[in-house]
Each structure stands twice: as structure tokens, then as C-alpha cells.
Amino acid sequence: MPSEDEIFSKVQEALVDALGVDDDEVTPEATLQGDLDAESIDFLDIVFRLEKAFDIKIERGELFPEDILTDTAFVQDGKVNEAGIAKLKERMPFADLSKFESEPIVQNLGQQLTVKDMCNFVAYKLAA
Amino acid sequence: MRWFWIDRFTEFVCGSHATAVKGVSLAEDHIHEHIVGYPIMPNSLVAEGMAQAGGLLVSEQYGFGELVVLGKLAKAKFHSCVRNGETLTYRVEVDSVRESGAAVTATAHVGERLHAEALLFFARLGEETDPLQGARLFRPRDLRHWLTLVGVFEVGVKADGSPMQESDYPLEEGVTG
């Protein structure tokens with residue numbers, strides 16, 4: 001199991017290559033969509049790079065559970081309901097959702113995903 | 001001008017790789033219009049050729065029945081100028097295919113000379129896609145016509161080496177809606 005620093009370093013490299021950003025922009029607190037301008041197609045690129053870098057397999061919806069965010073059982077009026085939040089926590093134990101919970105607008109989830117969340121996701125996958 | 005940026009496949013192995021060629025001719029308008037007085041093949045159209053070759057290889061993985069679009073051209077490098085009378089050979093290899101899309105590594109050579117290399121990402125817009133995001137790009141019969149023109153069913157083989165059959169794909173009008 002690689003150390004936290006090793007995971008960060010490889011995640012950083014993947015993000016630099018996939019998003020064309022500089023090393024120093026990829027800080028643990030940086031948000032992927034907000035700060036690093038990642039678009040939806042970039043997530044496919046990032047996922048492929050992480051798979052290669054860490055020799056893991058990432059299934060669709062694992063990093064970003066879009067199925068929950070489009071399920072009317074969990075989303076009402078553009079906001080994720082309590083059952084949806086519980087489901088997200090279950091599916092995303094690697095992410096800090098506390099900020100999202102305070103204003104659970106669907107679009108905010110992607111906006112708030114950070115580099116640190118990404119590193120936690122990789123550590124979670126490696127430990128599985 | 002017709003938007004065909006590969007002339008013919010010379011190899012097409014489903015789920016693996018393909019090779020296609022494109023002859024560059026002085027008869028083509030674009031070669032004169034890129035840099036006036038110095039006819040060269042625009043590299044943007046070399047990228048389009050790699051994308052068409054890679055896109056058809058990826059599209060086959062989804063049965064030629066769904067919309068596959070170029071989402072991203074990553075790390076494209078061009079090393080030379082391609083002149084009239086030269087033949088570009090595009091080689092595309094599938095790196096990874098998923099439900100949501102695929103990654104393809106592509107190169108363009110002129111003879112032994114490496115002219116271009118790129119990493120391409122294709123997004124699959126399947127049946128679940130909101131129609132407002134975009135209609136199908138091709139009618140099945142138009143896609144079939146294109147695949148036939150560029151020789152996919154002449155040289156194409158499945159992963160097990162058996163020949164591709166046109167009848168294995170939903171290329172008849174109405175089959176895919």
C-alpha cells in the first residue's frame with residue numbers, strides 16, 4: 001500500500017497530464033471542476049490514468065455516483081433529499097460531504113469534489 | 001468538400017487496432033488554403049483523420065449502433081509537414097473501452113517518418129442520452145455506406161480473427177430507430 005504522499009504524487013501527475021494544469025495548482029484543497037476546470041470528458045481521462053497509475057479498476061459511478069443524482073427517489077427540485085445523502089455517504093465514504101450537506105444542490109457535488117477526495121478514493125480502492 | 005479524412009482502412013481488428021491511409025493531393029482545396037502559396041496538409045485535418053479512424057474502431061465496440069463523439073484530443077504532437085504526393089498512414093489502438101467512453105492512442109506516419117501522435121478520448125452517448133443533447137450523427141444507411149467506402153468489411157476481422165460481417169451490425173434503416 002503506497003503512502004499518502006505517494007498517492008498524492010501520482011494523483012497530481014494524473015491531473016497535471018489530464019487537465020493541462022501546473023503541479024502547484026494541484027493542491028489537496030483544489031476542487032476539480034471549480035479550481036482545475038475539469039469537464040465531464042476529463043473524468044474519463046482521469047479515471048483511465050488512475051487505473052494505469054495504481055493498477056486498479058474503476059467502474060462507472062464509483063468515483064461520482066451519477067445514478068443517485070439522476071434518481072427521482074433521491075432528488076427533488078434539484079436537491080438531494082435525506083435518503084439521497086445517506087446513499088451518497090454509503091457510496092462515497094472517501095469524500096467529505098459535510099459542505100455539500102449544508103446545501104445539497106445536485107450541481108454542487110461535482111463542484112466540491114477536491115483533489116484530497118480523489119486521493120482518499122484511491123486509498124479506499126487500494127484498501128478494498 | 002466532403003468530410004472524409006481517411007481514404008481506406010488497410011487493417012481493422014475489432015477491439016484492438018486499425019490502420020488507415022489518406023493520400024494527400026494537390027486537387028484538394030484545403031491544402032492550398034491553409035498556408036497560401038505553400039501547400040501542406042493542415043494538422044487539424046490529420047487529427048480529424050486519426051479521430052475518424054479511432055472513432056470507427058470505438059464505434060464498432062458499441063455495435064455501430066450508438067453515437068460516439070470525439071470528446072478530447074490529449075497530448076497531440078506534430079513533427080513535420082505533410083506535402084502533396086505523400087500518403088499518411090494512421091494507426092489507432094484501443095487503450096480502454098468503457099460504458100461511458102474509450103481512449104485511443106493514434107499515430108500518423110508518412111512512410112517511416114513519424115508525423116503525428118495523439119491520445120484521443122471518445123464519449124459514448126447511448127440511448128439514455130437526452131435527445132436535446134444531440135441527434136444521431138448518421139443515418140444507419142449512411143454509416144453503412146461510409147464503412148463500405150473505407151473498406152471496413154473488406155479488411156475487418158473480429159478479435160478471434162474471423163471476418164467481420166455487415167449483417168452483424170444494425171445498419172439497416174429503421175433498426176436503430
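Guide: Start with a cut-off. A residue is buried if 20 or more other C-beta atoms lie within 10 Å of its own, exposed if 12 or fewer, and partly exposed in between. Bear in mind that this is a predicted model.

Visitor: Why is A:Leu32 called buried?

Guide: A:Leu32 has 25 other C-beta atoms within 10 Å. The cut-off for buried is 20 or more. Therefore A:Leu32 counts as buried.

Visitor: Where is A:Leu32 found, and what does A:Leu32 touch?

Guide: A:Leu32 sits in the loop between H1 and H2 of chain A. Leaving out residues up to four places away in sequence, A:Leu32 touches A:Ala38 and A:Leu113. A:Asp42 is ten residues from A:Leu32 along the chain, and their C-alpha atoms are separated by 9.9 Å.

Visitor: What makes A:Lys116 partly exposed?

Guide: A:Lys116 has 19 C-beta neighbours inside 10 Å. Buried needs 20 or more, and exposed needs 12 or fewer.

Visitor: Which element holds A:Lys116, and which residues does A:Lys116 touch?

Guide: A:Lys116 lies in helix H7 of chain A, residues 115-127. A:Lys116 touches A:Pro28 and A:Glu29, not counting residues up to four places away in sequence.

Visitor: B:Phe64 and B:Lys75 next. How do you know whether each is buried or exposed?

Guide: Take B:Phe64 first. B:Phe64 has 21 other C-beta atoms within 10 Å. The cut-off is 20 or more, so B:Phe64 is buried. B:Lys75 has 12 C-beta neighbours inside 10 Å. Exposed means 12 or fewer, so B:Lys75 is exposed.

Visitor: How is chain B built, and what percentage of chain B counts as buried?

Guide: Chain B has four helices and seven strands. From the N terminus on, their order is β-β-α-α-β-β-β-β-α-α-β. Of the 177 residues of chain B, 31% count as buried. Among contacts in chain B with a separation of 6 or more, 66% come from residues 24 or more positions apart.

Visitor: What makes a set of residues a nonpolar core?

Guide: The members must be buried Ala, Val, Leu, Ile, Met, Phe, Trp, Tyr or Cys residues, joined through C-beta atoms within 7 Å. The largest such core here has 72 residues. Those with the most contacts inside this core are A:Val11, B:Met50, B:Ala53, B:Leu57, B:Tyr90 and B:Val104. Helix H2 of chain B, residues 43-61, gives the most to this core, with eight residues. At least three residues come from each of domain 1 and domain 2 of chain A.

Visitor: Which residues is B:Leu57 in contact with?

Guide: Neighbours within four places in sequence aside, B:Leu57 is in contact with B:Phe12, B:Ala18, B:Val92, B:Val94 and B:Val104.

Visitor: How is the packing of two helices described?

Guide: The angle between the axes and the distance between the axes describe two packed helices. The axes of H1(A) and H2(A) come within 9 Å and cross at roughly 140°. H1(A) passes H2(A) in a right-handed crossing. A:Lys10 and A:Ala14 are among the H1(A) residues that make the contact, and A:Asp42 and A:Phe54 are among those of H2(A). By class, this contact has eight nonpolar, no polar and five charged residues.

Visitor: How many residues does each chain give to the contact between chains A and B?

Guide: Twelve residues come from chain B and five from chain A. S3(B) gives the most to the chain B side, with three residues. By class, that side has four nonpolar, four polar and four charged residues.

Note on methods: Residues are numbered from 1 along each chain as its sequence is written. Chains are lettered from A and ligands numbered from 1 in the order in which they are written. This is a predicted model: local features need pLDDT of at least 70, side-chain atom pairs count only at pLDDT 80 or more; totals for chains, interfaces and linings use all residues. Two residues are in contact if their C-beta atoms, placed from the backbone, lie within 7 Å. Helices (H or I, at least four residues) and strands (E, at least two) are DSSP runs, numbered from the N terminus. Ala, Val, Leu, Ile, Met, Phe, Trp, Tyr, Cys and Pro count as nonpolar, Asp, Glu, Lys and Arg as charged, and the others, Gly among them, as polar. Domain bounds come from an automatic or database domain assignment. Axes are lines fitted to C-alpha atoms, for helices over the stretch in contact, and angles run from 0 to 180 degrees between N-to-C directions. A crossing is left-handed if the near helix is turned anticlockwise from the far one by less than a right angle, and right-handed if clockwise.
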